[in-house]
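Work through the following exercises with the model open beside you, and try each task before you read its solution.

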Amino acid sequence: MNKTLLFKSRADLTAEENLAAFVRYCRMNLVLFGGDLAFDEDIWDITETYPVKGATKRNRAYFSSYEAAKAQRYAPAMSPQFKDFAKAYFRYSLSLRSSSAWANRIAALRALDHALVLEGQEGRITRATHDTFVRACSIIQQGYASITAPKIAGQLSEICDLVVRLGFCQMKTPWKSTLKRSQDSGTRVGVEAEKARDEKLPSKAAIEALAYIFQNPETPAERIVTSAVALMYCFPQRINEVVRLPYNCEVEYDAENNPNYGLRESGSKGFQDSVRWVLETMEPVARKAIANLKEASREARKVAAWYEQNPGKIYLKPEYEYLREQQYVNLDEVGLMLYGLPRQVLFWTDEKGSKFKFPKICSFSYIEQLVLRKLPPDLLRPSPNLKYSESLFIALRFELNAKIMPYCCIVERVSPGEITSRLTSSGTARSFFENRGYTDTDGKPLEMKSHQARHYLNTLAQSNGASQLDIAMWSGRADPSQNSTYDHVTPSELLSKTKAIALAGKSQLFAGVTDIPKIRVVAHRDDATGRLITGTAHATLYGMCRHDFAASPCPIHRDCLNCHEHICVKGAHVKLANIKRMHDETEGLLTKAEAAEGQAKYGASRWVSHHRQTLEHCKQLISILDSTVIADGALVALNDVVSASKVEQVKFLREEKSGQPRQNRLLERLRNGKK
């Protein structure tokens, strides 16, 4: 991210003057999107200056009005009084904190501009009030989906915070959004839980229809889209990972040279690039999907390879190479150059969306330059990313659109949107389920979302007892704690699973036994001190615990070897083996913690102190319990173990909350040998 100096407003200037200084600062001083950014343009092409991972189309920021955006038009632009502030804020905020979801910021700016216009303020941000932001939030809530609206409203809150902080209006306190993202409560029962589960998982009918179309595709679009989705059902993947598969992604042997089929895939969201192995039952599906994609992309990869070898020249089909020797071409020959067919081409739309008519006679070089300007920029220049000629998801321009003739000389990557848009009907765009006449029980066209496959496979793994670490690794997930988001096992499935485990272990949980006598525990305490008269002990992995659990729970969360109430028994070989295993594990953890401390990672020093203390206690206990001098049955307790008191723990937490330096004074005291 760029090193951006914070803009500071001046108290001696009016709101209008501070706003003008802010716009001037963002226009002249910031370098994000390039120093030659055409600030006054209403469309910013930021494809090369602000790349987004996984994006295959050009990234453009459209500073269009709210109504124009809702009508999917690029004009008219935002209000003249608001437009410069919107551009300045967009550039400034992304300079401070980058984000791939920058479209939400522009959506929030559009809503704010629209609210100011409705209030008769003509887009003047200096006249914004709390009511203005409330109205803008209402516009967002009514105009966007329930999942997207809270995100855009959150961006609106950040805009308000900056406007108030820099004194661009008369507001003294910032407005905060009241729209909250719907959170998964984790509840598995009830109507709402069933509805949420149905939204996250694909229907059986949709999966069966997808399988049929996969086996019997009728168009290139069906072949590519169904193959992509079929791969997503082979193992949990994200759509942006699938579309980045290289041509040579197949792996036939594992690290031990055993036959094993997998796909070499780029990671995302913190997960490294890796080979994702395919289950034997899904191997034929994966192989067929890869074969389909190789065949479907064959022509496009050939064209891309030609451009990589011949930058600056237009690709022509071999039978029309003679046109390269001509200085001028007629409209029929233009059709041969663009489509590989003898058809007259009358109109052309350039890369900016402007449409114009061809003259009857054109120079060859003129047509060539028009085509070269329409090619993806990363096709003609060396890039460390995946080459077009080595990509599986590449097609001729408009090849996936059955209504438009594809160019034979222009290629592009297949984007995630081109796959997802064909799984669900939207407006006039029909999914291939609707085109094939596949409907649900209500007569509505079937639909599917690309991420449903990931939820579906994770739920299958959860219901069949896979470990959380295995599920995370299988899903390409860096954090196993996120598995719960994808767990949609039904209550009946959980009940059946629990019952099977209980019966296998001969448990009486589901056996219906009701004549088991209930045992009542009576604790005899001293009336004056409250202490137990009859002592008790609880078995642990390493010995016994003499803590009074009837009075309070474990104060140190079962950190037995660092507790003054723990007792070991000489001659208990299983317990001794557990202590030795704990010693070995702690040595490994200490090495990792010391490495993290050397990298100045926050919290590492606490773990270093804790592991050193645990390791020292393990060594002391092992030396005593291994000794031949001490008789079996002897009770052993370390006398230098001091557990942190509740008062000290509360004091430490208060220091952290009050903003004082975060250091573990308790562990520091133990490190220095103080009790």
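**Exercise 1.** Locate Phe398 and decide whether it is buried, partly exposed or exposed.

Solution. Begin with the position: Phe398 sits in the loop between strand S10 (394–396) and strand S11 (411–413) of what is a predicted model. Next, look at the backbone, where Phe398 has a phi near 70 degrees, a positive value in a residue that is not glycine. Finally, take the relative accessibility of Phe398, which is 28%, so that the residue counts as partly exposed, given that this class lies between the limits of 20% and 50%.

**Exercise 2.** Describe how helix H4 and helix H6 pack, and name the residues that make the contact.

Solution. Two packed helices are described by the angle between their axes and the distance between the axes. For H4 (residues 103–118) and H6 (residues 149–165), the angle is about 70 degrees and the axes are 8 Å apart. The two helices are therefore roughly perpendicular to each other, since angles of 65 to 115 degrees fall in that class. On the side of H4, the contact is made by Asn104, Arg105, Ala107, Ala108, Leu109 and Leu112, while H6 contributes Lys151, Ile152, Gln155, Leu156 and Ile159. Sorted by class, the contact has 7 nonpolar, 2 polar and 2 charged residues.

**Exercise 3.** Find out whether Lys87 is buried or exposed, and which residues it is in contact with beyond its neighbours within four places in sequence.

Solution. Lys87 lies in helix H3 (residues 80–96). Its relative accessibility is 0%, and Lys87 therefore counts as buried, as the limit for this class is under 20%. Once the neighbours within four places in sequence are left aside, Lys87 is in contact with Phe39, Asp40, Glu41, Asp42, Trp44 and Phe63.

**Exercise 4.** State how many cavities of 30 Å³ or more the structure holds, and describe the lining of the largest cavity.

Solution. The structure holds 1 cavity of 30 Å³ or more, and the largest cavity has a volume of about 80 Å³. Among the residues that line the largest cavity are Cys560, Cys563, His564, His566 and Cys568. By class, the lining of the largest cavity divides into 9 nonpolar, 2 polar and no charged residues.

Key: Residues numbered from 1 in each chain as written. Predicted model: local features only at pLDDT ≥ 70, side-chain atom pairs only at ≥ 80, totals over all residues. Heavy atoms only, no water. 1 Å grid on protein atoms, 1.4 Å probe; cavity = no way out; pocket = protein on both sides within 12 Å on 5 of 7 lines; lining within 4 Å. Points joined across faces, edges and corners; volume = space filled by probe spheres on them. Nonpolar A, V, L, I, M, F, W, Y, C, P; charged D, E, K, R; others polar. Axes fitted to C-alpha atoms, helices over the stretch in contact; angles between N-to-C directions. Helix = DSSP H or I, 4+ residues; strand = E, 2+ residues; numbered from the N terminus. Parallel < 35°, antiparallel > 145°, perpendicular 65-115°, else oblique. Contact = heavy atoms within 4.5 Å. Buried < 20%, exposed > 50% of the residue type's maximum accessible area, 1.4 Å probe, protein only.
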